[in-house]
Amino acid sequence: MSTLASIPDPITPGASKFGSTFVRTFRECPFKWWLTFWAPHPSSPNALGLVNPVLGKPLAIGQFTHIGLAEYHLDGCRITTGAEAIFQALRDYEGPMMEDQGEVENESLFLLTQYDSFWAGDHPEIVYVDGHPVVERNLVVTMGYRDYTYTARLDALVNWRGHNCVFEHKTVDTGRFGSLVASAPIDIQIVGQKFLAHHLLPDLKVDRILLNCLIKRRAAGKDPCAREDIYIPDPIIEKFRLDITRTLAQIDEATVLWKELGEAGMEPYEAGRQAFSQHGSKDCSWCQFKEICLDPTHANRYANIFLPRASSGGSTRTTNGGANNE
Ligand code: SF4
């Protein structure tokens, strides 16, 4: 029997939680993973420019549109409720400086309005469990490997045209919809949503992802919304778990080697380069670490950031083999 108690919110503390970005980053490039999840010193997260102190417009639009959509659905698809939620969230916002707040507000409201007319008369119904709507929930599932737990935020669980689906909102640029749909059945983040729903709410038989795309920066004459109902067969779930645990084992192995190299006296940054191989690829052009990665002399300027780790031989940020919260 599915119960709301089985989908804890907030995320339960204790075990090593990770999400799709954690695994995807390591697969792209282990060194990028190390720089992203391990190397930044907790007391100076901006020292390498690793954390962008500005909330970029694309991210902000996604964030506030999600807030509007959640409240819109919770109030029976009322556009005024969704819009007010966006206004309120913008008023309450206290995070890093937001890039172009005016446009974030306009675009979030515009996308909400477009969403409302696109889905009119064909809205998915929110699924309730124990009388509570499954909307904007943090879900956690143990992986069966050490104490790692996989976590992700579920936008909503819905019933659409007779099927229970994970409802996944994406704010994307024109042209990305096609590639998103094509890669969805193997995309870690999307399959991960099905994995969570499958394990936490087995009685509901959630076998689909309903992809809702809200398209920013539309080409002239292009539709601002698109949707796709993607079937994810159950056997993919176990394959997903095995693939993920294989990557987690590689992360653990590299982390152990990094610690051993440090304990043997190697400078921490160099140990990171040796233990976490660099997979240079076309993705390098998008990598925020390109400058320090490809020019070690540049990295040396920041070497002191890594020193406390070497002297203590461990980390204060992780609970198990390099896993870290996303
Ligand atoms: S620049 Fe390329 S090789 Fe270096 S960390 Fe980034 S992805 Fe890896």
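Tutor: Let's go from the overall make-up to single residues, keeping in mind that this is a predicted model.

Student: Fine. How many helices and strands are in the protein?

Tutor: The protein has 12 helices and 11 strands. Of its 326 residues, 33% are buried.

Student: Which residues have the most contacts inside the largest nonpolar core?

Tutor: Start with the general idea: in soluble globular proteins, nonpolar side chains tend to be buried together. Here, the largest nonpolar core has 66 residues, and those with the most contacts inside it are Leu154, Leu157, Val166, Leu196 and Ile209. Leaving aside residues up to four places away in sequence, Ile209 touches Cys165, Val166, Glu168, Ala184, Ile190, Gln193, Lys194, Ile230 and Ile232.

Student: Now the strands. How do I read who pairs with whom?

Tutor: Strand 8 (residues 148–160) and strand 9 are antiparallel, with 5 bridges, and Asn159 sits opposite Asn164 in strand 9. Strand 9 (residues 163–173) also runs parallel to strand 10, joined to it by 9 bridges. Two pairs to look for there: Thr171 has Leu214 as its bridge partner in strand 10, and Lys170 faces Cys213.

Student: What does strand 10 pair with in the antiparallel sense?

Tutor: That would be strand 11 (residues 225–231), over 7 bridges. Cys213 turns up again here, standing opposite Ala226 in strand 11. As for cover, strand 10 (residues 208–216) has 8 of its 9 residues buried.

Student: Which other residue has a positive phi although it is not a glycine?

Tutor: Asp100 is one, with phi at about 50 degrees. You'll find Asp100 in the loop between strand 3 and helix 5. With 13 C-beta neighbours inside 10 Å, Asp100 is partly exposed.

Student: Is Pro124 buried or exposed?

Tutor: Count the neighbours: Pro124 has 22 C-beta neighbours inside 10 Å, so it counts as buried. Yet Pro124 is in a loop, the one between helix 5 (101–118) and strand 4 (125–126). Not counting residues up to four places away in sequence, Pro124 touches Val158, Asn159, Trp160, Cys165, Phe167 and Leu210. Also, Pro124 and Gly162 are 38 residues apart in sequence but 9.5 Å apart in space, C-alpha to C-alpha.

Student: And Gly95, is that buried or exposed?

Tutor: Gly95 is exposed, since 10 other C-beta atoms are within 10 Å. Gly95 is in the loop between helix 4 (79–92) and strand 3 (97–98). Its C-alpha atom is separated by 8.8 Å from that of Val54, 41 residues apart along the chain.

Student: Let's do helices. Which residues of helix 1 are buried?

Tutor: In helix 1 (residues 20–28), they are Phe22, Val23 and Phe26. Look down the axis of helix 1 and its buried residues fall within an arc of 90 degrees, so they line one face. Those buried residues pack against strand 1 (16–18), helix 2, helix 7 (188–200) and helix 8 (235–263).

Student: How many residues of helix 2 are buried?

Tutor: 8 of its 8.

Student: Last one: what surrounds the ligand?

Tutor: There are 13 residues around the ligand, and the closest are Cys29, Lys32, Cys284, Cys287 and Cys293. By class, that shell has 7 nonpolar, 3 polar and 3 charged residues. Helix 2 (30–37) and helix 10 (290–294) each supply at least two residues of the shell, and helix 2 gives the largest share, 3 residues.

Note on methods
Residues numbered from 1 in each chain as written. Predicted model: local features only at pLDDT ≥ 70, side-chain atom pairs only at ≥ 80, totals over all residues. Near = placed C-beta within 6 Å. Helix = DSSP H or I, 4+ residues; strand = E, 2+ residues; numbered from the N terminus. Nonpolar A, V, L, I, M, F, W, Y, C, P; charged D, E, K, R; others polar. Core = buried A, V, L, I, M, F, W, Y, C linked by C-beta atoms within 7 Å. Buried ≥ 20, exposed ≤ 12 C-beta atoms within 10 Å, placed from the backbone. Contact = placed C-beta atoms within 7 Å. Pairing = 2+ DSSP bridges. Arc of directions from axis to C-beta.
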